[in-house]
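Here is a short tour for anyone meeting this structure for the first time. Take a look at it first, and then we'll walk through it.

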Amino acid sequence: MSTLTIRSLRKNFGAVEVLKGIDLEAQNGEFIALVGPSGCGKSTLLAMIAGLESVTSGEICIDGRLVNSVAPKDRDIAMVFQSYALYPTMTVRENITFGMESRRVPKPQQDEAVKRVAAFLQIEPLLGRKPGQLSGGQRQRVAMGRALVRDPKLFLFDEPLSNLDAKLRVDMRTEIKKLHHRVGKTTVYVTHDQVEAMTLASRIAVMHQGEVQQFDEPATIYNRPANMFVAGFMGSPAMNFLPAELSEEGGRPAVALQAADGKTASLPIVQTLASDTPRKLVLGIRPEHIYRFDPDLARRKPGIAQIDAMVELVEPTGAETMAVLRLGGKEITGRFDPDGTPLMGETVTLGIDMARACLFDPTTQRLI
Amino acid sequence: MADAALDQSLDHRAATVAARRHFLTRFVIYGLLVIFAAIYLIPLLVVVLNSFRDQQEIARNGLISLPRSFRLDAWGQAWSTYCIGGTCEGMQRNFYNSLKMTIPATFISTLVGAMNGYILSKWRFRGSEALFTCMLLGVFIPGQISLMPWAFILGNLGLSNSVYGLVLIHVIQGISFTTLFCRNYYVSIPDDLIKAARIDGAGFWRIFRKIILPLSSPILIVTVIWQFTGIWNEYLFGVVFTSGQQQPITAALVALTASGTNVRAYDVMSAAVLIGALPPLLIYLFGGKYFVRGLTQGAIK
């Protein structure tokens, strides 16, 4: 049993407010990802949970115990750093046992713990080596071993994969996920990579400018982003934003857009709107919800709206092809199956899945 | 075909010219280096040769000339029997004084510098940068300025005319340098190591002992060499605050040159100077490569 609760947490560095009232909680065994662009305060938040940074105001509770002024070593946490922070003069074994030695764990118990963790992470052959003799992936494993060996209440990861090359990063991501499944410890994971957050976390906190923009399950974050920042940050290529106006189409609410031919196209809205919905809106459509229109599709999927657009650029990636389309004076990106790729310069009729579209208020930037 | 052959021979000729030019530049460079090295070494050579010459021979042929005799007497005299200011014990007592002063002063100032550097780089606090700047002032203040204050302090502590007084002076005077060296070196050690160790349950001292010190050998070697040679060669404090049997070797050497009754014993003086110069020389010979390596470390990157 271990939980983490954070209530209206604030942090100032001099006059600069880095965290502006953070509320978060992690249930037992949960995997929480803190994601956001650099400078959003996510690493500071993690350092505060670890006890490496002082708390300006607010509360941090681990397992219901207020730990605001508890030293890092007494919080029963383990942390994996971006730089791994392996002690360079010690062997892998010494690195792993350093924490136990500091806590005066008896020697036989230490040996047993090292054996268990080394077998678990398959690093037995490395135990006698120094960190300088290890590859990036091996260092990463050792860093995790050092965290695992303690059997802590809370695991903290500070961008642990950013120093690895692309392929290894994907492998290690899978490893971390497996590891969490097997160990089942409450984990807080800081990353700037939204894919890592989506794949690993049971809940994601998207942070921006010292505030949590949205704290929810990955699917909700992706499908119903709370505001335009979250919508734009999560997902790659990013969600398309189109300025639109509220209108009516056959007695049902719709949004009016400028199509390629200069005419105004009306896209019917599937969701029910509140009466105080502003006239001017921002329509958010993810690239994968833009299709080449065909009647079959429209029959299968309700809420497909039709609109013409000019194809400006085509970018094949192999598995799928991105197309940059001009619509309503703005460029949008669509994600197409390589077989049905539109051609450059062509005017295509798009089918836009309005059931998956998001509407935002342009003044508050919030989801409607 | 003919063109190709011509080209080839041209290429060959160009290569020979280039090789010759390369050889010439090398020759000039090494020649100059040898000349400069000789200029630096000649005084030392004169002293070394004179220490083995007979005093009468020096008087006859002049200070700078090739030796016609070879004797080791001067070394023995300089070490144990030559009379300086009435006591006829040679330099040995002063040599030991210098050791008794230099070794503890080097050790303590290096250790304090390492501690200071560790705190100023890894446990920063409000005002630590200002404190560091103040400590750095010591690097720029010449020793002469602190003569009066030290006289006052040593007098009050009852440490005047004692080797321990000199140890105190050299420890304090050296802290600016040792702190500067160590602090700048420790800044390059990643802070994440300290954070990881704190989470691992290590405290201030354990982190210093287990993580910082094992990483410090390059900078500690530099600091020790710097301090050892500096303190051993220091003359001003030694001559001002000690006299007679308490003097370090640098001060005693001057007393020796001044104490000649009628004949100047150049052979003994030369041997004495060499005895006085030997320890720093040995330190440099053994640690020199670490010294250069340590000084440049961190400069690149």
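How many helices and strands are there in chain A? Chain A has nine helices and 20 strands, where helices (H or I, at least four residues) and strands (E, at least two) are DSSP runs, numbered from the N terminus.

## Before we start

What you see is a predicted model, in which local features need pLDDT of at least 70 and side-chain atom pairs count only at pLDDT 80 or more, while totals for chains, interfaces and linings use all residues. Residues are numbered from 1 along each chain as its sequence is written, and chains are lettered from A and ligands numbered from 1 in the order in which they are written.

## Chain A overall

The C-alpha trace of chain A spans about 80 × 45 × 35 Å along its principal axes. Of its 368 residues, 41% are buried (20 or more other C-beta atoms lie within 10 Å of the residue's own, with C-beta atoms placed from the backbone).

As for contacts (C-beta atoms, placed from the backbone, within 7 Å), take those in chain A with a separation of 6 or more: 64% of them are between residues 24 or more positions apart.

## Two helices that cross

In chain A, helix H2 (residues 92-102) packs with helix H3 (residues 107-121) at an angle of about 130°, and their axes are 10 Å apart. Axes here are lines fitted to C-alpha atoms, for helices over the stretch in contact, and angles run from 0 to 180 degrees between N-to-C directions. That angle makes H2(A) oblique to H3(A), as angles under 35 degrees count as roughly parallel, over 145 as roughly antiparallel, 65 to 115 as roughly perpendicular and the rest as oblique.

From H2(A), the contact uses A:Arg93, A:Ile96, A:Thr97 and A:Met100; from H3(A), it uses A:Gln110, A:Ala113, A:Val114 and A:Val117.

## Where the chains meet

Chain A puts 17 residues into the contact and chain B puts in 14. On the side of chain B that touches chain A, helix H8 (191-199) and helix H9 (204-215) of chain B each supply at least two residues, and H8(B) gives the most, with six.

How values were computed. Two residues are in contact if their C-beta atoms, placed from the backbone, lie within 7 Å. A residue is buried if 20 or more other C-beta atoms lie within 10 Å of its own, exposed if 12 or fewer, and partly exposed in between; C-beta atoms are placed from the backbone.
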